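Notebook open, model loaded. I'll jot down what I look up as I go.

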Amino acid sequence: MSAATTRSRTPDRLCAEAVDLARAAAEEAAAPGVVGEHVGLLSEGDRVVTHYFECKELGYRGWRWAATVARASRAKTVTLDEVVLLPGPDAVLAPEWVPWSERLRPGDLGPGDLLPTDAEDLRLEPGYTGEDEPVPNAPVSQEMAELVEAEDAEVTAAPPAALPTVPARGSISAVAEELGLRRARVLSRYGLHTAADRWEESFGAKTPMAQAAPATCVSCGFLTPIGGSLGQAFGVCANEFSPADGRVVSLAYGCGGHSEAAVMPKPPQPPAPVIDETRVDPFPLRPAADSGSVPAVPDEATAELGHA
C-alpha cells in the first residue's frame, strides 16, 4: 500500500473540523430547518472530506446532505467544494426504471395510441412482399437476357426488357397472397405459440365455464372457423348470449349457449330427509291446558275488555 493511499484514508484535521462551514453550505442549498444533525464524515482523498447531515425534509427519509470541503496544500483555509443530497443506506428510493415497452400490459392501448413494433420482435418473421421473380429459365429472367445479348439471338417476339411481366395468376406472389404471406412480416412460430397459450388460458378447456358446458365448441353451430394453422385449434364465437361472443375460443371450450343444448338441465333435487329410527318422539294430539299464552282461568279484570 502506497503512502498516498494511506493519507487519503485518514481525514485531514482541518477539513474534519470544518463542520460549521459544511452545515452553512448545506442550509444555503436546502432551507433552514431541513438540515439535521451531523451524522459522520468521509475522507475522499488528500485534504478532501465530505460531511454528512441528516435530511429532515418530508419524503426524503434516510437521505443525507453531503457537503464536501477541501484545502490546498500547505494552506490553512478550508474551502467549500460542493453540496448535494445523497441517499443513505436505508433511504427510500424510487423503483428501478423499466422501459415503456416492458411496462405495457394487454388492454393499455387506447384510441389514438401508437405501439411501434420492434424490428427484432420474436413474434414476427419476414413475409413475402417482393415483385414477381420469374424462374431462372423464364424468357424475362436476368440470366436469359444476358444469354440473348451474348449470343445476339432472338428467342422471343420482343427483347426481354420489353416483354410483359409474368402473369399474377400462378406466380409466387399470387400464392403468397392467397396464403396471407404477402406482408412485410408475419407471425413466427413463437408468436403463434404465445397467442395460442393466451387464448387457451382465457377461453380454453380448463376454464370453469368449459368444465360445466354440455358440449364443446367444435360441435357448436355458432363457431366461426378461422384460417391458418391456428384454425385447427381455435375459432370465433358468434353467439350473442355467450360470454365469449366475438372472442377467439378453443375448440375444446364450451358454454351453456351451445347450439345443440336443446334440453334444459333439470334443477337440482334436494337430498332425501334423514329419519332417525332409533328413538321415538312423542307428539300429543291435543295441547296441554297450560301450553298457550292465555291462562286457562279467565281473568275477571280483563273480561270486560273482551279478552277470552
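Is Arg13 buried or exposed? I looked it up: Arg13 is exposed, with a relative accessible area of 55%. My cut-offs are under 20% relative accessible area for buried, over 50% for exposed and partly exposed in between, with a 1.4 Å probe and protein chains only.

Ground rules before I go on. This is a predicted model, so I take local features only at pLDDT of at least 70 and side-chain atom pairs only at pLDDT 80 or more, while totals for chains, interfaces and linings use all residues. Residues are numbered from 1 along each chain as its sequence is written, and side-chain values use heavy atoms, with hydrogens and water left out.

**Entry: salt bridges**

I searched the whole structure and got 2 salt bridges. I count one when a side-chain nitrogen of Lys or Arg is within 4 Å of a carboxyl oxygen of Asp or Glu. The background is simple: side chains of opposite charge can pair when their charged atoms come close.

Arg13 is in one of these pairs, with Glu17 as its partner and 3.6 Å between the closest N and O atoms. I checked Glu17 too, and it is exposed at a relative accessible area of 53%.

The other pair I noted is Asp12 with Arg71, where the closest N and O atoms are 2.9 Å apart. This pair links distant parts of the chain: Asp12 is in the loop between α1 (3-9) and α2 (13-16), Arg71 is in the loop between β3 and β4, and 59 residues separate them. Asp12 and Arg71 are both buried.

**Entry: whole chain**

I counted 9 helices and 9 strands in the protein chain. These are DSSP runs numbered from the N terminus: H or I of at least four residues for helices, E of at least two for strands. The chain has 308 residues, and 21% of them are buried.

For contacts (heavy atoms within 4.5 Å), I took pairs at least 6 apart in sequence and found that 53% of them join residues at least 24 apart. The chain exposes about 23,400 Å², with 57% of that supplied by carbon and sulfur atoms. Those areas come from the Shrake-Rupley method with a 1.4 Å probe, and for residues only the protein chains shown count as cover.

**Entry: positive phi**

Arg47 has phi near 60 degrees and lies in the loop between β1 (35-45) and β2 (48-55). Its relative accessible area is 29%, so I logged Arg47 as partly exposed.

Arg74 has phi near 65 degrees and lies in the loop between β3 (63-70) and β4 (79-87). Arg74 is exposed, at 85% relative accessible area.

**Entry: nonpolar cores**

Nonpolar side chains tend to be buried together in soluble globular proteins. I define a core as a set of buried Ala, Val, Leu, Ile, Met, Phe, Trp, Tyr and Cys residues joined through side-chain atoms within 4.5 Å.

Which residues have the most contacts inside the largest core? They are Phe53, Trp65 and Val69, in a core of 15 residues. The elements giving two or more residues to this core are α3 (19-29), β2 and β3, and β3 gives the largest share, 4 residues. I also found a second, separate core of 9 residues that includes Phe203, Cys217, Val249 and Tyr253.

**Entry: a three-strand sheet**

I traced an open sheet of 3 strands in the order β7-β8-β9, with antiparallel pairing. β7 (223-225) and β9 are at the edges with a single partner strand each, so one side of each has no neighbour in the sheet. On average, neighbouring strands here are turned by 50 degrees against each other, direction ignored.

Two strands pair when DSSP finds at least two bridges between them; β7 and β8 (residues 234-237) have 3. Across that pair, I see Thr224 opposite Val236.

Ser250 is in strand β9 (residues 248-250) and counts as buried at 5% relative accessibility. Leaving out residues up to four places away in sequence, Ser250 touches Glu200, Phe203, Gly204, Cys217, Ala233 and Phe234.

**Entry: Pro126**

Pro126 counts as exposed, at 70% relative accessibility. Val186 is 60 residues away along the chain, yet its C-alpha atom is 6.1 Å from that of Pro126.

Terms used. Axes are lines fitted to C-alpha atoms, for helices over the stretch in contact, and angles run from 0 to 180 degrees between N-to-C directions.
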